[in-house]
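Student: Hi, could you walk me through this model? I'd like to start with the sheet and then jump around a bit.

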Number of protein chains: 4
Amino acid sequence: MIHLESDYNNGAHEAVLRHLVETNEERTQSYGDDCFSEQARAMIREACEAPDAQIWFLAGGTQTNATIIDCVLQPYEGVLCAETAHINVHEAGAVEFTGHKVIALPAHEGKLAVGELRAWLTAYYADDTAEHMVRPGMVYITFPTELGTLYTADELMALHEVCKQYGLLLYVDGARLAYGLAASPDVTLPLLAQLSDVFYIGGTKCGALCGEAVVFPNGDAPIHMLSRIKRHGALLAKSRVVGVQFEALFTKVNGEPLYMAIGRQAVTLAMQLRSLFVERMGYQPFIDSPTNQQFYIIPNDNLERLRKSIGFEVWCPVDECHTACRFVTSWATTEEEIENLGLKAF
Amino acid sequence: MIHLESDYNNGAHEAVLRHLVETNEERTQSYGDDCFSEQARAMIREACEAPDAQIWFLAGGTQTNATIIDCVLQPYEGVLCAETAHINVHEAGAVEFTGHKVIALPAHEGKLAVGELRAWLTAYYADDTAEHMVRPGMVYITFPTELGTLYTADELMALHEVCKQYGLLLYVDGARLAYGLAASPDVTLPLLAQLSDVFYIGGTKCGALCGEAVVFPNGDAPIHMLSRIKRHGALLAKSRVVGVQFEALFTKVNGEPLYMAIGRQAVTLAMQLRSLFVERMGYQPFIDSPTNQQFYIIPNDNLERLRKSIGFEVWCPVDECHTACRFVTSWATTEEEIENLGLKAF
Amino acid sequence: MIHLESDYNNGAHEAVLRHLVETNEERTQSYGDDCFSEQARAMIREACEAPDAQIWFLAGGTQTNATIIDCVLQPYEGVLCAETAHINVHEAGAVEFTGHKVIALPAHEGKLAVGELRAWLTAYYADDTAEHMVRPGMVYITFPTELGTLYTADELMALHEVCKQYGLLLYVDGARLAYGLAASPDVTLPLLAQLSDVFYIGGTKCGALCGEAVVFPNGDAPIHMLSRIKRHGALLAKSRVVGVQFEALFTKVNGEPLYMAIGRQAVTLAMQLRSLFVERMGYQPFIDSPTNQQFYIIPNDNLERLRKSIGFEVWCPVDECHTACRFVTSWATTEEEIENLGLKAF
Amino acid sequence: MIHLESDYNNGAHEAVLRHLVETNEERTQSYGDDCFSEQARAMIREACEAPDAQIWFLAGGTQTNATIIDCVLQPYEGVLCAETAHINVHEAGAVEFTGHKVIALPAHEGKLAVGELRAWLTAYYADDTAEHMVRPGMVYITFPTELGTLYTADELMALHEVCKQYGLLLYVDGARLAYGLAASPDVTLPLLAQLSDVFYIGGTKCGALCGEAVVFPNGDAPIHMLSRIKRHGALLAKSRVVGVQFEALFTKVNGEPLYMAIGRQAVTLAMQLRSLFVERMGYQPFIDSPTNQQFYIIPNDNLERLRKSIGFEVWCPVDECHTACRFVTSWATTEEEIENLGLKAF
């Protein structure tokens with residue numbers, strides 16, 4: 001049995017857990033001032049080639065999105081995103097809870113089309129009644145998207161340009177950033193730091209027990225961030241818990257942060273899974289995803305049998321006889337598990 | 001050097017950490033449905049003698065207070081508390097952020113006086129303009145309080161009575177509950193479960209890396225709690241992280257949950273510290289606290305010397321020559337550390 | 001010059017103003033308890049054939065929408081509406097300010113399609129991740145819509161059915177209700193009261209200086225409405241100001257409330273305008289609106305000349321040579337003004 | 001029978017009503033751009049000797065307080081006020097609804113003591129945990145206070161100094177400003193405009209049907225005020241309704257705005273009432289108020305008889321045999337009414 005239901009059905013990468021154990025006896029400051037968090041910040045700044053970056057550690061993804069979006073937007077501003085965006089669909093209204101409208105544009109395999117974004121903005125600013133509408137303050141994208149797809153470097157640059165032109169912030173939700181960086185041919189952490197105004201490096205789904213690292217690459221976070229974060233209930237007293245984990249994730253192994261290796265392994269296994277599904281089983285991809293989330297169209301009469309060997313998630317019906325299903329690898333998936341899957345006559 | 005600055009300057013109790021390690025390989029459900037969380041819930045229900053209790057695991061204290069208070073109050077209701085209450089002073093307005101007024105009454109060594117509460121409620125309901133005022137919906141207390149003090153079982157019963165009479169919920173913030181239960185002569189977990197409508201068992205300050213367990217002892221939490229919690233950004237995807245820890249904390253050791261032993265040890269050491277400070281050093285208590293937070297009046301010219309052996313927190317000036325300081329033991333404090341302190345001619 | 005820019009560019013219907021003058025000397029209760037408000041409520045109950053109706057008077061439309069939607073929704077619920085709905089476009093995020101998501105469905109000439117609504121609800125309730133999404137709590141429609149169109153009685157009944165089936169409230173924004181009722185062949189005030197859970201009768205655009213009447217036809221408004229409304233800053237101290245005006249608007253003239261006559265006159269004049277534009281000038285309707293808001297496609301080289309005789313609003317470009325424009329009649333438009341317009345060779 | 005229950009139990013001053021009638025036929029812009037609002041703004045700027053003042057017209061007092069406080073505060077800031085302040089007691093939590101804490105300091109006959117304010121601020125900024133607390137962003141005072149008392153020019157200057165020193169905004173709630181200015185020996189509208197950062201000139205209680213004028217005397221309101229106000233549901237579509245009324249209130253009569261005369265007459269009559277009560281009836285003042293709200297200690301066995309001639313409000317019990325009662329004059333109170341009262345052997 002291989003568990004591909006999600007990338008948060010596991011514990012932590014053993015290096016992360018080991019670092020928690022080996023630092024356990026030390027006493028530290030709290031509320032973000034601990035030495036582990038400081039060290040992790042230095043490592044992230046280096047990996048991002050962003051020496052001025054300001055970094056905060058929060059506990060989870062929805063919390064991070066709602067807190068950061070509310071912290072950087074003006075009260076009367078909303079956030080633009082693809083209609084399939086996590087903040088628009090699967091955060092139970094956490095952004096609206098902070099008083100901001102989520103303005104959804106059409107999604108193309110999970111992605112915003114730059115041209116449509118530009119057209120929306122042109123129309124908004126040409127509208128005589130714009131003052132009566134929610135002002136756009138930010139563009140939110142996920143990298144990779146909820147459907148596993150990736151923006152190219154060119155697309156990110158175009159989004160960056162549009163945002164600059166219209167005075168919007170570009171925010172990248174990197175809940176699965178490790179997998180996106182591993183799969184992208186041209187998007188790197190330094191490029192992301194260059195093109196976005198704020199982004200977060202996901203820990204929970206990429207090897208940590210919990211925790212996300214919010215990065216303001218240009219060091220221009222709003223003042224009083226500690227108070228703002230605490231007001232959202234998102235300030236960890238024992239901040240070291242996330243700091244220690246990110247220290248482990250950004251410790252270099254063979255010349256690169258562990259975080260990168262984690263992403264690469266999961267993507268490699270995802271590609272092996274893809275071969276197995278497409279070439280061997282003859283399943284069609286539902287979405288052409290290069291990352292750790294894989295979506296295939298499964299004949300309904302195969303589902304039962306498949307469930308005996310694989311834990312997965314039903315995504316949506318395709319037609320009367322087929323169902324789209326999601327299969328997610330992670331740092332916790334092993335080569336052996338994928339190999340065994342291949343050996344089975346499933 | 002002994003670190004008594006706080007009870008969140010450490011890692012986790014070794015049994016908690018060990019359980020994280022030994023469960024790391026297992027794959028589980030997420031969002032609270034994992035088997036560890038389920039097991040931890042069963043253990044907590046048993047410890048509370050509350051078989052119908054509903055339990056949720058959240059990441060931190062301020063988050064828990066703001067989320068739960070907002071979830072159970074009607075929109076137009078406020079929460080009554082002592083003016084020194086954590087939600088009134090040190091949560092950066094997290095409760096007000098959710099739209100509710102914090103109504104502060106006088107504090108007596110950190111505690112609400114039942115008589116004053118009753119008088120306030122009588123006056124409120126006699127006021128012709130009550131409809132124009134924030135309606136009282138809840139009484140919030142901390143056990144132990146921010147000053148280390150404890151309500152007696154009689155006081156809790158009286159608060160419970162007043163709440164019942166006026167239709168208010170009684171909510172107990174148990175961030176340091178282990179220490180309170182260990183120090184109280186008559187308040188037990190089952191009694192707390194009997195007298196309160198909702199309370200939380202603090203993990204972060206009592207042996208866990210992070211996490212708090214919210215308990216509705218009567219199983220009458222509002223519907224759709226998962227959606228409500230997620231809307232507050234407080235739902236952990238990898239819920240097992242807290243579940244595993246509480247499973248460890250409520251595993252029985254010598255016939256009682258580890259959680260109780262953790263509290264007792266810290267309180268025992270706090271009492272040894274007290275002897276040292278009062279009898280040996282001649283310091284006066286600033287507050288007569290029976291729990292792990294100890295407050296002493298230190299002559300200003302002793303402060304420098306004290307800092308060489310002890311990490312502690314300045315609380316507030318007392319007079320021109322004296323300062324009240326806080327010394328906090330925890331599960332992480334060792335007998336050896338306290339003994340060594342006694343050996344020093346500080 | 002005839003002013004057809006909007007139906008809020010005027011003062012008040014002379015009967016409304018006269019009633020303000022003739023009641024000016026009387027002293028009354030405040031906060032909704034004045035005798036004028038009481039009398040107006042009785043008149044509205046009668047006109048709605050809803051003897052149990054609860055009625056509140058608020059000052060303006062956006063305030064009413066945001067206040068009422070927030071008062072009746074549970075915190076975790078959102079409101080479904082057409083993407084062109086006022087709350088989705090032109091209220092500057094007032095609903096999201098109260099913490100609720102506005103869930104926009106496709107609009108068909110300003111209207112929700114019942115089938116699409118039902119399909120959305122079916123999909124929502126079939127979705128395994130529904131708990132992570134904003135729950136639907138209400139369907140919001142405008143009658144007439146922002147484009148002047150009307151739901152038929154059959155369509156309203158179908159919406160009512162869907163709402164009942166899925167436990168949603170049906171809320172009707174009647175900012176221009178007088179004009180909608182006048183133009184509809186089959187929707188009456190009693191029918192509206194029967195089919196909706198809450199609706200408001202617009203005053204500001206239908207003859208009053210200011211004020212809207214919120215009606216809960218079944219008398220099942222949430223408790224503590226006065227406190228809820230005040231919390232939204234929407235409670236008028238001098239409540240009589242709106243009460244007196246609605247008393248005038250619902251005073252019967254020739255056997256029917258003045259409100260109905262106001263609507264009918266404006267619609268009659270709108271139809272005369274339509275004849276003029278379509279038959280005489282040869283303009284095409286942009287939208288086929290039977291109410292007081294009329295939309296025509298004007299050749300761009302006619303715009304300048306038109307502006308000399310008529311005040312109107314540019315709606316949106318149609319093609320390179322044509323522009324859609326809005327022309328709005330109201331109770332304040334006179335037959336003479338429309339006749340004069342016809343006499344001009346514009 | 002004389003009605004002294006409140007100053008919002010009446011209609012409008014006849015000059016206000018007359019101006020509504022005489023402007024009724026004109027067509028105007030909406031949303032604040034109408035010519036009446038523009039003219040009223042010019043008059044208010046002149047009366048305030050504040051040529052750069054920005055002015056918005058809102059419908060009511062609680063709405064104005066909640067909207068303006070939220071618009072000018074940073075999200076993490078709270079508002080300091082006397083514990084008897086309207087926003088702290090009688091606005092049903094409207095400020096907290098917008099997410100801001102109301103921080104109450106002791107009240108002295110309804111007033112903040114500058115020394116206590118300064119001491120609070122000194123303590124706040126000396127506190128190591130200040131970042132975990134709500135930051136002070138504004139001082140809110142009422143002029144006159146809820147108890148009818150007045151700050152002297154010196155007190156206002158001292159408050160202004162403290163606010164400047166600590167970077168706080170000074171906001172003056174002038175719901176009853178006409179009566180305050182009339183009674184104050186040294187506070188004028190220009191002085192108020194000089195010393196406060198934002199204040200509002202109350203219309204509802206001072207001669208208008210409804211409406212308050214918010215003044216930023218230095219023209220430094222936050223950007224996008226129209227969007228902000230609309231987001232709070234506080235933007236009037238038919239803005240002229242308040243504009244026309246303020247035009248009437250600030251039209252000069254005998255060389256001064258009508259608003260001043262309205263205040264003076266009510267205060268004159270309040271002083272006659274005072275003579276009657278104190279000298280003739282022998283009642284003790286409960287509060288020594290120089291304005292239109294008068295508070296007297298009435299023997300309980302007089303209450304019944306008094307109620308036959310006077311409408312008034314019970315304020316609070318004083319002792320077993322006495323009750324404090326409030327008697328409010330307004331622009332609508334007549335000399336004749338007060339004289340008649342004197343003639344009665346009540």
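Student: How many strands form the open sheet in chain C, and in what order?

Tutor: In this predicted model, 7 strands form an open sheet in chain C, in the order β2-β8-β7-β6-β5-β3-β4, and the pairing is mixed. Strands are DSSP runs of E with at least two residues, helices are runs of H or I with at least four, and both are numbered from the N terminus. Two strands pair if DSSP finds at least two bridges between them.

Student: Which strands are at the edges?

Tutor: β2 (54–58) and β4 (102–105) of chain C, each of which pairs on one side only. Neighbouring strands in this sheet are turned by 25° against each other on average, direction ignored. Axes here are lines fitted to C-alpha atoms, for helices over the stretch in contact, and angles run from 0 to 180 degrees between N-to-C directions.

Student: In what sense do β3 and β5 of chain C pair?

Tutor: Parallel: β3 (residues 77–82) and β5 (residues 135–142) of chain C pair over 4 bridges. E77(C) stands opposite R135(C) in β5(C).

Student: And what does helix α6 of chain C touch?

Tutor: Helix α6 (residues 114–126) packs on the sheet, touching β3, β4 and β5 of chain C, and its direction makes about 170° with that of β5(C). Contact means heavy atoms within 4.5 Å.

Student: What about C210(C), how far is its sulfur from the closest cysteine sulfur?

Tutor: It is 4.5 Å from the one in C210(D), too far for a bond. C210(C) is buried, with a relative accessible area of 6%. Buried means under 20% relative accessible area, exposed over 50% and partly exposed in between (1.4 Å probe, protein chains only).

Student: What rotation superposes chain D on chain C?

Tutor: One of 180° with 0.0 Å of shift along its axis, at an RMSD of 0.0 Å. That is the relation of a two-fold axis.

Student: How much area is buried between chain D and chain C?

Tutor: About 3900 Å², with carbon and sulfur atoms giving 59% of it. Buried area is the accessible area (1.4 Å probe) that two parts lose on being put together, summed over both. In chain D, R27(D), F97(D) and K238(D) lose the most area to chain C, together 22% of what that side buries.

Student: Last one: where is P144(C)?

Tutor: P144(C) sits in the loop between β5 and α7 (153–166) of chain C. The peptide bond joining F143(C) and P144(C) is cis, with omega about -5°.

Conventions: Residues are numbered from 1 along each chain as its sequence is written. Chains are lettered from A and ligands numbered from 1 in the order in which they are written. This is a predicted model: local features need pLDDT of at least 70, side-chain atom pairs count only at pLDDT 80 or more; totals for chains, interfaces and linings use all residues. Side-chain values use heavy atoms; hydrogens and water are left out. A disulfide is a pair of cysteine sulfur atoms within 2.5 Å. Copies are superposed by least squares on the C-alpha atoms of residues with pLDDT of at least 70 in both.
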